[in-house]
Amino acid sequence: MADQKAILKAGDKEIELPILSGTAGHDVIDVRKLGASGYFTFDPGFMATGSCESAITYIDGAKGELLHRGFDIESLARDSDYLEVCYMLLHGDAPSSDEYQDFKRTITRHTMVHDQLNMFFHGFRNDAHPMAMLCGTVGALSSFYHSDLDVNSETQRLRSAHRLIAKMPTLVAMCYKYNIGQPFVYPRNDLSYAGNFLNMMFSVPAEDYKISPAVERAMDRIFILHADHEQNASTSTVRLAGSSGANPYACIAAGVASLWGPAHGGANEACLNMLEEIGTVDRIPEFIARAKDKNDSFRLMGFGHRVYKNHDPRATVMRESCHEVLDELKIDDPLLDVAMELERIALSDDYFAEKKLFPNVDFYSGIVLKAIGIPTNMFTCIFALSRTVGWISHWHEMLSQPGQKIGRPRQLYTGSAHREYKPIKK
Ligand code: SDX
């Protein structure tokens, strides 16, 4: 941490604030003591606010760079697998071969959920949105793991993390099976993490399900690409909820809720719905015009990002995966033609270049998921499954940090000054 200082001149005051430097990225002005001088900072949407110190993920929006524990996402997506990335995010470094095998065994042996959890599903309408069911059932896990849970114990925090990483695929597949009226499929310990998920999603008691290696690889890559992304809205939600010492399963349910929004993880579902609404290439100009129209709230789903103002490196990898899967499965999806043409037109249009609106990770993930046979309303559940390791790793990191405090932002108050209350005749 550097010992530079920022000088804030406010009114007749001159306030000196320390500047802190990390390994990479922006230096930060430490305003923790600013309140004593009668001022708060004001930054709705956290456009320029660092909420914490973290060593998990680094994003350089200008360069389009994404590192997990220092490893670039392109290398991880190409040469690693999701469980290895989970280990890195949670433990801070790449595992040795023995550590990887041990971690894989641990996760595999936590994939079943308590059988009574099945009954929670029967309270939902069968046409309930899968994210609504996921929110409810992840939160319900807190009713099975609460009484002896000490969030200050590293061992118990890691056990909660292992359970969540292991059980999310089972719960997500249960949401899908309940939605389509098929029986739940139990996890299988002889399959890979991605293979087990596909089997729980698509196998039926009446016949075996043959896992396509290309689809299994694409699924694992989608999990890797969505695993963590610094202090995004849902991760910040989990951190804030966890800062009070709340049950981790309930905190992850809060992350699921935040991710559901179309501005965040709901964008892949919204993107596919948008491509289907556009329908054909010749209607693209009409939607591009709407996206530019200030009086039209329409936005191109899958475009733009708060941090990436160059390109989203995950979209680049996802785009390759998209072509691989469609070629392997010999799928000629007209929606991909619309997506490719939309990308070409948007990237050559000054409006989008000026506003730095590039395809983000959600733009291509939806097309791959559709090609795999996953319905649109399940897309954000897959995102939540992948992101659980990021959420729980940040939760674990926060609670491991000495002097951790409950998150409690302040405000700019613009309501009424004090006034007399006159009771009314009741
Ligand atoms: C994710 O934070 C993360 O890291 C998130 C995520 C993760 O891994 O956790 O990366 C996952 O959420 C990806 C983003 C998915 N969302 C979408 O694809 C939805 C469409 N995109 C937008 O709604 C928007 O781009 C955001 C929400 C992603 C970012 O919004 P910002 O940073 O708050 O930017 P903004 O809304 O202030 O937009 C800046 C300008 C505005 O125009 P002006 O007011 O300056 O004239 O760009 C315009 C916006 O109108 N704009 C768009 C647009 N996105 C922004 N115009 C058309 N289409 C779009 N998609």
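This is a predicted model: local features need pLDDT of at least 70, side-chain atom pairs count only at pLDDT 80 or more; totals for chains, interfaces and linings use all residues.
β1 and β2 join through 7 bridges, in the antiparallel sense. Strand β2 covers residues 13–20.

Strands of a sheet pair through backbone hydrogen bonds, and the pairing can be parallel or antiparallel.

## The β4-β5-β6 sheet

Another open sheet holds 3 strands, in the order β4-β5-β6. Its pairing is antiparallel. The edge strands are β4, residues 57–60, and β6, residues 71–72. Each of these two pairs on one side only.

Strand β5 spans residues 65–68. It runs antiparallel to β6, and 2 bridges join them. Take H68 as an example: its bridge partner in β6 is F71.

## Two domains

How is the protein chain divided into domains? The domain assignment gives domain 1 as residues 5–50 and domain 2 as residues 83–402. The centres of domain 1 and domain 2, taken over C-alpha atoms, are 35 Å apart.

## Around the ligand

How many residues surround the ligand? The count is 23. The closest are H229, L300, H305, R314 and R387. By type, the shell divides into 9 nonpolar, 7 polar and 7 charged residues.

## Polar contacts and cover

At A263, a polar backbone atom is 3.0 Å from a ligand nitrogen. At F303, a backbone N or O atom lies 2.9 Å from a nitrogen atom of the ligand.

R299 takes part through its side chain. One of its side-chain N or O atoms is 2.8 Å from an oxygen atom of the ligand. How much of the ligand's accessible area does the protein cover? On its own, the ligand has 1100 Å² of accessible area, and the protein covers 77% of it.

Key: Residues are numbered from 1 along each chain as its sequence is written. Side-chain values use heavy atoms; hydrogens and water are left out. A residue is near a molecule or strand if one of its heavy atoms lies within 4 Å of it. A polar contact is a pair of N or O atoms within 3.5 Å; within protein, one must be able to donate a hydrogen and the other to accept it, and residues adjacent in sequence count only if both atoms are side-chain atoms. Accessible areas come from the Shrake-Rupley method with a 1.4 Å probe; for residues, only the protein chains shown count as cover. Ala, Val, Leu, Ile, Met, Phe, Trp, Tyr, Cys and Pro count as nonpolar, Asp, Glu, Lys and Arg as charged, and the others, Gly among them, as polar. Domain bounds come from an automatic or database domain assignment. Two strands pair if DSSP finds at least two bridges between them. Helices (H or I, at least four residues) and strands (E, at least two) are DSSP runs, numbered from the N terminus.
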